[in-house]
Amino acid sequence: MTADGLIDLAHPEAADWLLGTLEPAAAAEFGDHLADCGDCQTAVAELGHVGRVLQQLPPAVEPPPDLAARIVDSVLAAAAGDRTEVHLPRLPAALLAPRPRPQAPPAQRPLPPPELASLYHPSPETRHRRARAARNDTPAPAAGAARPARRQRRAGRYAIAAAAAAAVGLAAAIAFLPGLAGTTSAEAPVIGGGTIGAPVLIVLHPAAGTASGQATAWHLPGGWSVRLQVRGLGRLAPGQYYACWYAGSGNKSRHPVLISAGTFSVGPSGSADVSMWTAADPRQFRTMEITAESPGDASQHGRVILSGVART
Amino acid sequence: MSLSDAGARIAAQEARLITQIADGNLEEPMQELCHRYEKSLYGFGAHILGDEALAEVMVQEIFQRLWRTAGRFDPASDSPRAFLFGIARSVGAEIRASRLAGTGRPARESPLPPLPDSVDPILDALAVREAFGTLSAPRAEVLRLALEDGLTQPEIAQRLEVPLDTVTARTLHGMQALRAALGERVPGERSTGDG
């Protein structure tokens, strides 16, 4: 760096010129002055680039205030979730149906368990396969109409494939699925065209205690893929499990307006990072609730441990 | 202490944080790195994706990958900032690619902002914006008056009731400090040519 002090000899007009505050006439005058003034030349040579950057600063954007906390939570949940048992609910037909692939589909070979690490760092072969799948899955511009007929074969294996894909959550949504096509979070996602809107975020807060969590819901053809990350949940009695629910407006214990989003268990650490599937639209059923349940009539009996409202 | 010493000290601190993450000590190092980088990564994401919701997804994904790949970080040769922005570039490129694939439209009709020939100007802007926060209050004040209110040096002197030479010294020294931040931006990458 040039020694401090040399720029002190520059004229005030040099600072104005560097920051673009001179009127055109004064700027032209400074141009003449610059040709003869070595001190101003030094300042302009040294600070010209930073001056241009300053003049073109884009408007500042601020991340949501709780983003850092959610990131830390989600990484810790993912780290703990590597050992977590996952119970996936039955998948709807939309995900079971294979997308057309001219070559041997990946689901024809046994799939590894849905461990995040292997999918975050796909082998070159996997990456190639995904790239090919993404190309083949590119929908036609006319929504739905030009989409080739889906073939119903090996639905069982595709269930595993889809489950694995769903379990990868974010990474899959970015790398595996045909594309994130919504333009802004406020815009309604396109349904049936094979495109996916921006995710809906649900931050979960505890009714009591220190549990925490976050859910990210992606709208896919046929429903919503929900990635749920929780921390600090207690260990349950044998046979019990955690359940995730979407509650609509007017939900009361006597008149439940609830849709199950799936069940899961947590590891010894009390954390889980699981993906689930539900038909419930989190923009209508805006409240997510986590309860502890026992096998029974598949309705909500446990008290709400975590809850949060979808940001729409 | 000179600015470049301070930069080296910060880089060494952050390198330690990434090494701790690689060793499985997640919570505090993650918090610290999130605290330091979420703003600039979010700004970078919003800029190249044109959508703050996607920027949020991008930042989350960057830190997930930081955790997964921290073991590959080599404190001897990598700069923490370059390492994080390297992840950011590939996550951003993946999100852009999948969005373009999903629309089935040619790139020129894409809803995404055009990607500049180089991301360097974006990173420069982020580095300068970040460094702005480290300026002394008098230097930041004169620069704000010039950039936001368009005031000339004599107008600033009048407004603040300080001598004109003082205003100019604050302005130019402030810019010099910001320039130092640019020089240290993502070392190890293609040189910006003005460092």
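Leaving aside its neighbours within four places in sequence, which residues is Leu233(A) in contact with?

Reply: A few ground rules come first. This is a predicted model, so local features need pLDDT of at least 70 and side-chain atom pairs count only at pLDDT 80 or more, while totals for chains, interfaces and linings use all residues. Residues are numbered from 1 along each chain as its sequence is written, and chains are lettered from A and ligands numbered from 1 in the order in which they are written.

Now your residue. Beyond four places in sequence, Leu233(A) is in contact with Ala211(A), Tyr242(A), Val266(A), Gly270(A) and Ile305(A). Contact here means C-beta atoms, placed from the backbone, within 7 Å of each other. Leu233(A) sits in the loop between strand E3 (223-231) and E4 of chain A. Such elements are DSSP runs numbered from the N terminus: helices are H or I with at least four residues, strands are E with at least two.

Leu233(A) is buried, because 25 other C-beta atoms lie within 10 Å. The cut-offs are these: 20 or more other C-beta atoms within 10 Å make a residue buried, 12 or fewer make it exposed, and values in between make it partly exposed, with C-beta atoms placed from the backbone. The chain also brings Gly267(A) into the picture. That residue is 34 residues away from Leu233(A) along the chain, yet their C-alpha atoms are separated by 9.3 Å.

Follow one contact, Tyr242(A). Its bridge partner in E7(A) is Ala292(A). Likewise, Cys244(A) has Ile290(A) as its bridge partner in E7(A). Strand E4 (residues 241-247) and strand E7 (residues 287-293) of chain A pair in the antiparallel sense over 7 bridges. Strands count as paired if DSSP finds at least two bridges between them. In general, the strands of a sheet pair through backbone hydrogen bonds, either parallel or antiparallel.

Go to strand E8 (residues 304-311) of chain A, which pairs with E7(A) in the antiparallel sense over 5 bridges. There, Gly308(A) in E8(A) stands opposite Met288(A).

Now step back to the sheet. It is open, has 8 strands and pairs in the antiparallel sense, in the order E5-E4-E7-E8-E1-E2-E3-E6 of chain A. Strand E5 (258-264) and strand E6 (272-278) of chain A are the edges, since each pairs on one side only. From one strand to the next, the twist averages 25°. The angles run from 0 to 180 degrees between N-to-C directions, and the axes are lines fitted to C-alpha atoms, for helices over the stretch in contact.

How does the rest of chain A look? Its secondary structure comes to 9 helices and 8 strands. Of its 312 residues, 40% are buried. Among its contacts with a separation of 6 or more, 66% join residues 24 or more positions apart.

Trp17(A) and Leu18(A) are among them. The buried residues of H1(A) pack against helix H2 (24-36) and helix H3 (38-55) of chain A, together with helix H6 (137-147), helix H7 (153-160) and helix H8 (164-183) of chain B.

Of its 195 residues, 45% are buried. Glu161(B) lies in the loop between H7 and H8 of chain B. It counts as exposed because it has 6 C-beta neighbours inside 10 Å. Phi of Glu161(B) is near 55°, positive in a residue other than glycine. Most residues other than glycine have a negative phi.

Last, the core. The largest nonpolar core has 109 residues, and Val230(A), Ile62(B) and Val128(B) touch the most other members. Such a core is a set of buried Ala, Val, Leu, Ile, Met, Phe, Trp, Tyr and Cys residues joined through C-beta atoms within 7 Å. Beyond four places in sequence, Val128(B) touches residues of both chains, including Val50(A), Leu54(A), Leu178(B) and Leu182(B).

Key:
Contact = placed C-beta atoms within 7 Å.
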